[in-house]
Amino acid sequence: MAATTTTTSFKAALLSTPSISSSTKSTVLKPRFTSSSSSRYSPIPKSLIAHHVSTKTNAIVAKMGTVPSPVSETTSLDFHTSVFQKEKISLAGHEEYIVRGGQHLFPLLDDAFEGIKQIGVIGWGSQGPAQAQNLRDSLAEAKSDVVVKIGLRKGSRSFAEARAAGFTEENGTLGDIWETVAGSDLVLLLISDSAQADNYEKVFSHMKPNSILGLSHGFLLGHLQSLGLDFPKNISVIAVCPKGMGPSVRRLYVQGKEINGAGINASFAVHQDVDGRATDVALGWSVALGSPFTFATTLEQEYKSDIFGERGILLGAVHGVVECLFRRYVEDGMSEELAYKNTVECITGIVSKTISTKGMLAVYNSLSEEGKKRFEAAYSASYYPCMEILYECYEDVASGSEICSVVLAGRRFYVCL
């Protein structure tokens, strides 16, 4: 779940990296690791930037065809809220607005959810269980009358899991998906991307006029755009996107009951606002999920950065690095068992944990002097090839090609809702 500035920072990094002759690269193209307060990271010594023309960059851009138009670094995603207090912060010289969360804000949820009597949570996958339980518990803490109801397809095995979590047909908090959509003022569509692509028309047709569609991923917008379509004009469309998987959203929310401020940060977006309530509803949703910090984005930025991050880093890069290293170790005579430990267990264990808790710089600083030299050589050799691959990944997302592949893949295992 990438931050809102992915498009900007990726293009900025590309344009700030000059071309260097092969003879120069062998001696000076080494990573210059900087502190987290630095505004931009470049693997090239700054003294070289003024002396080299970025012909390599031009070649990459020409090869890829069109260049995605990034959001200007000076763009400020400001918003107005009549319920919560927004705060201006500065990150690497870029100002943006956030809302700090916390249990002390739960009494404001009724004001944020003005006009909403029922929140329908559609789906029981990764985000559904966590968001439904967090919303229910936060609203109960606020002594609110807003009902959180789970909507599932008939015959779904998830009915049993939802009942185990305290949602039942008897108390009106569990039911059929289409009855739930039709009866809800805020519909949180948390089914899979492919299921959204195949069922959005039926969802739209069941929603009440002036109701609000809530998404936790901008995929549906990308799919509609690829078809030349848009959302119905008689509903509001918002997004709250937790920057973590569903189980962690729930786990840290529970932890936050004892440690105020624990939780998963989230971005929010208002894509369409038919009656002026959308921003406060979105912020209320994020606060109720337990988000310590909520920051603004757009639905388009969200899906491009999120899918790119998944394909390029979370899924693509990790899998590719592990497979490449494993094969190389085995070819060099290492046993498969030891190669597994040096790849899968190393990357998903100590390396991943160190990056998550202390950052990439900590991995580098933990190496011996010889290890640092080998790291620098490997980083320098892989920078440009990786950059081209990642740029291609981003282009596939921005052009809609990746979205089409997701839809087609999902239809191979399609289950009618």
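1. A nonpolar core is taken here as a set of buried Ala, Val, Leu, Ile, Met, Phe, Trp, Tyr and Cys residues joined through side-chain atoms within 4.5 Å. Buried means under 20% relative accessible area, exposed over 50%, and partly exposed in between, with a 1.4 Å probe and protein chains only. The largest such core has 45 residues, of which Phe113, Ile119, Leu135, Phe167 and Leu186 touch the most other members. Helix α12 (residues 278-289) gives the most to this core, eight residues.

2. The model is predicted: local features need pLDDT of at least 70, side-chain atom pairs count only at pLDDT 80 or more, and totals for chains, interfaces and linings use all residues. Residues are numbered from 1 along each chain as its sequence is written, and side-chain values use heavy atoms, with hydrogens and water left out.

3. The chain holds 18 helices and ten strands; these are DSSP runs (helices H or I, at least four residues; strands E, at least two), numbered from the N terminus. Of its 417 residues, 47% are buried. A contact is a pair with heavy atoms within 4.5 Å. Among contacts with a separation of 6 or more, 75% join residues 24 or more positions apart.

4. Leucine 186 deserves a separate entry. Beyond its neighbours within four places in sequence, leucine 186 is in contact with Phe113, Ile116, Gln118, Ile119, Gly120, Ile212, Gly214, Ile238 and Val281. Another core, of 35 residues, lies apart from the largest one and includes Val237, Ala239, Tyr303 and Tyr394. In soluble globular proteins, nonpolar side chains tend to be buried together.

5. An unreviewed UniProt entry lists Asp306 under "binding site"; such annotations may be inferred rather than shown by experiment. Aspartate 306 sits in helix α13 (residues 299-314). With a relative accessible area of 3%, aspartate 306 is buried. Twelve of the 16 residues of α13 are buried, including Glu302, Tyr303, Lys304, Ser305 and Glu310.

6. Helix α9 (residues 193-206) packs on helix α10 (residues 219-226) at about 75 degrees, the axes being 10 Å apart. The pair is therefore roughly perpendicular, a class that covers 65 to 115 degrees. Axes are lines fitted to C-alpha atoms, for helices over the stretch in contact, and angles run from 0 to 180 degrees between N-to-C directions. On the α9 side, Asp193, Gln196, Ala197, Tyr200 and Phe204 meet Phe219, Leu220, His223 and Leu224 of α10.

Conventions. Parallel < 35°, antiparallel > 145°, perpendicular 65-115°, else oblique.
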